[in-house]
Amino acid sequence: GAQDSCANRCGELLGTCSCQVTCQSLGICCPDYKEFCLQISPYSGSLMGGKDFLINNTAFNASSVVKCRFKQQIITSGYVAKDGKAHCISPLLYETGFIPFEVSTDNGLTFPYSGTWLSVHHSKVSDGEKCTLVNETKWQYYGTPNTGGNLTLTWTHQTLAATHVNIEVWGYQETGDSYSENWMAEWKYLYTLEREIPNTGQFSFIPVPATGNYNTWDFGLLRIIPSNYFDGQSNVASIWSSEHALAWHLEKDFRNDSNAWATAKCIEWDKKEELLPNFMKEIIDCPCTLAQARADTGRFHTDYGCDIEKGSVCTYHPGAVHCVRAIQASPQYGAGQQCCYDSTGTQILTHDSTGGSTPDRGHDWGSPPFLKPPRIPGFSHWLYDVISFYYCCLWSDNCDFYMKRRPSSDCRTYRPPRAASAFGDPHFLTFDGLNFTFNGLGEYTLVESNLTSLRVQGRTQQAHLPNGTGAQGTGLSAVAMQENSSDVIEVRYSEDLNLEVLLNQRVLSFSEQSWMDLKGLFLYSTPDQNITVMFSSGSGVEIRGSGGFLTLTVLLPEKFMNHTQGLFGVMNGNPEDDYTFKNKTTMSVHASPQQVFEFGAKWAIENGTSLFTYDTEFLLNSFFYGEKHNASFLPVFSPYEDPADPLVEEMVSLCDSDPFCRFDVLTTRSLQVGNSTRLSHQNHKLLVEHLEPDMSLLLVISCGWLDHPTNGSKNGTNYLLGSTINFTCNPGYELTGSQQRTCQVSGAWSGDPPHCRP
């Protein structure tokens, strides 16, 4: 019979074949799947638009009139190149994230082809994509004392297929009443700076104040377009500069006395702020220490303007070594938080220093649903928090006005999140600190919460011995997650042991963007593939591959207390009830490994609630059609340490007293697996220590009794955290080892045991 077609049907399962993304690896695609379900390159670009992208694997007729329609409403003109490949131009959007688009080849009558475009924050696209304001500071201080001369703009001239180009000036404004329905954002073409210049990739000029009232626009950017387009024509191939303070074209009054001009602007801004609602009362407080700020990855992320891993170049925050920003904008006003720390790890406050962190009326990254102020990515923030910083702090000496409106938040109401981890031959550390090993084979609920419908599910697969045969243990091979109606994210090892991240069943590429704004979450991948998922509730999930298994950490804010269940237990500060079943009955924490195995089996998921993608024969047969908990797989519960086994000696020196490390070396016969388990275990302990530096005040830590050395004495009888004991030897004896030992957070004494030798 006739095969179904994917025209207008991408993402659907049809009667005779599939147009879903999983169809390729399953070999069940409709014959025209690749023609209608588009793959594009590049797949991302700035939300300012004007980027040319190629439609791969679909050949078009040279006479086709190509139209590209984004979000079913914004139409841009495409074209067919000499090689028969179609191209689209991305549009100006006031939002970030994946944007659906369709393509027409009959001048807009029908749009049978479809794909997605990733719209990116203007500061997060690569520098090569924009034109460069050479010595950007000079552009932004032009006309202030001692700043003049000519300005230079450079660009990659191959980006535009044109012999001559125009350079335009665009301005950003928000009209209507603040925080009302009629508040609108607009990028507006102002004027053309220069026409018909050769497309050489460089242009220098001596700026003069713009004519008319254009010289009052103080925030905007430049656009380079081919000269054959008319002025300000929207959504055509173009190169934008970075957004900047337009000092270089401001009116004569600014050039005559920039300090007076900026002071007036600063005072005007201050009066406006007086009438706006106080956003400070709804933003999250800062973490108390740098260690906490870097550990709370579900709620705070590095501020690229001050990053300890990039050498702490903190232009706007003198004295700081690292700043973080709150990931989520505040609920009502879309405001942002920033927190900066000095070299001792202490928070810097604006009350003490101009290097202190300043909160933002507009979150720099914008916030869903975007589209309207104050939620426009980057630009709302510039208008409320950055250009005002130029008025008050950079172009004039009135920074006290700014700091009064943007004081640092301290950490009085900050509460660290709770962390739970799973790693190795899977070992589980619950939110409340219980630890156990569960070697089931299948798919299980790690944590679920009725507070936000958060679900994190884990899949285990059998570990392998060095000779390739199956081991008597398992490890995490995939983790899938969702909160409320967010996108579904899955991180997994593919069959050839590559780490893959799936967004709603589609494998993602991080080749162009490492940060993505998705539905209900942000996703970040480091170059060495540490994946962080940051849900809108403030919960965070971190996953990395280590030794062939996944290491997983879930961070939950305090509001999840008493709202979790699953293998990671009931988060309530009490480990005693962490073995709680679905039916709310509990099992003693002193249960045997066999009983723990039965407990884990009860948390197997069902197909109806599974978040996993089954896109290969192996996954379908092993996990979809098979049992969710494979009852026929019996792991080893307590591996035997054979003194004659040559591996045992190496294991002892590698693992020391770490029971998880020992377990994994014995079950997988691999020191490498044992070592990555040891590191994951260590990382979890450090994380908890960083998040809860004052746990020691809640728990009395004792390092245990210390004896005096033979032929010597000690002073002190306090063995609690922070106490120090000193040792001396009797006359005629000499002390080796430590003269002084202190009780540490780990519960161990510092130094080495003392001895008195003649």
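**Helix H11 and onward**

A: At the start of H11, a side-chain oxygen of aspartate 645 comes to within 2.8 Å of the backbone nitrogen of leucine 647. This is a predicted model, in which local features need pLDDT of at least 70, side-chain atom pairs count only at pLDDT 80 or more, and totals for chains, interfaces and linings use all residues. Residues are numbered from 1 along each chain as its sequence is written, and side-chain values use heavy atoms, with hydrogens and water left out.

Q: Which residues of helix H11 are buried?
A: In H11 (residues 646-655), Leu647, Val648, Met651 and Cys655 are buried. Buried means under 20% relative accessible area, exposed over 50%, and partly exposed in between, with a 1.4 Å probe and protein chains only.

Q: Why are they on the same side of H11?
A: They cover an arc of only 100° around the axis, which puts them on the same side of H11. In general, an α-helix has 3.6 residues a turn, so residues three or four places apart point the same way.

Q: And which are exposed on the other side of H11?
A: Pro646, Glu649 and Ser653 are exposed there.

Q: What do the buried residues of H11 pack against?
A: They pack against helix H12 (659-668) and helix H13 (671-691). Just after H11, aspartate 656 has a positive phi of about 55°.

Q: Switching topic: how many helices and strands are in the chain?
A: The chain has 14 helices and 39 strands. Both are DSSP runs numbered from the N terminus: helices are H or I with at least four residues, strands E with at least two.

Q: How much of the chain is buried?
A: Of its 758 residues, 54% count as buried. The C-alpha trace spans about 90 × 85 × 45 Å along the principal axes of the chain.

Q: OK, strands. Why is S27 called largely enclosed?
A: Strand S27 (residues 489-493) has 5 of its 5 residues buried, so it is largely enclosed by the rest of the structure. Ile489, Val491 and Tyr493 point one way from S27, while Glu490 and Arg492 point the other way.

Q: Which strands does S27 pair with?
A: Strand S26 (residues 470-482) pairs with S27 in the antiparallel sense over 4 bridges, and strand S28 (residues 499-503) pairs with S27 in the antiparallel sense over 5 bridges. Two strands pair if DSSP finds at least two bridges between them.

Q: Which residues are partners there?
A: Arginine 492 in S27 is the bridge partner of alanine 478. Tyrosine 493 stands opposite leucine 499 in S28.

Q: What about the hairpins?
A: The hairpin of S26 and S27 has 6 residues between the strands, and asparagine 484 takes a positive phi near 50° in that hairpin. The hairpin of S27 and S28 has 5 residues between the strands, and there leucine 497 takes a positive phi near 60°.

Q: What is the order of the open sheet of 3 strands?
A: The order is S18-S19-S20, with antiparallel pairing. Strand S18 (300-302) and strand S20 (338-341) are the edge strands, each pairing on one side only.

Q: Over how many bridges do S19 and S20 pair?
A: Strand S19 (residues 322-326) pairs with S20 over 4 bridges, in the antiparallel sense. Arginine 325 stands opposite glutamine 338 in S20.

Q: Last one: where is leucine 371?
A: Leucine 371 is in the loop between S20 and helix H7 (379-394). Leucine 371 is partly exposed, with a relative accessible area of 39%.

Technical notes:
The arc is that of the directions from the helix axis to the C-beta atoms. Contact means heavy atoms within 4.5 Å. A polar contact is a pair of N or O atoms within 3.5 Å; within protein, one must be able to donate a hydrogen and the other to accept it, and residues adjacent in sequence count only if both atoms are side-chain atoms.
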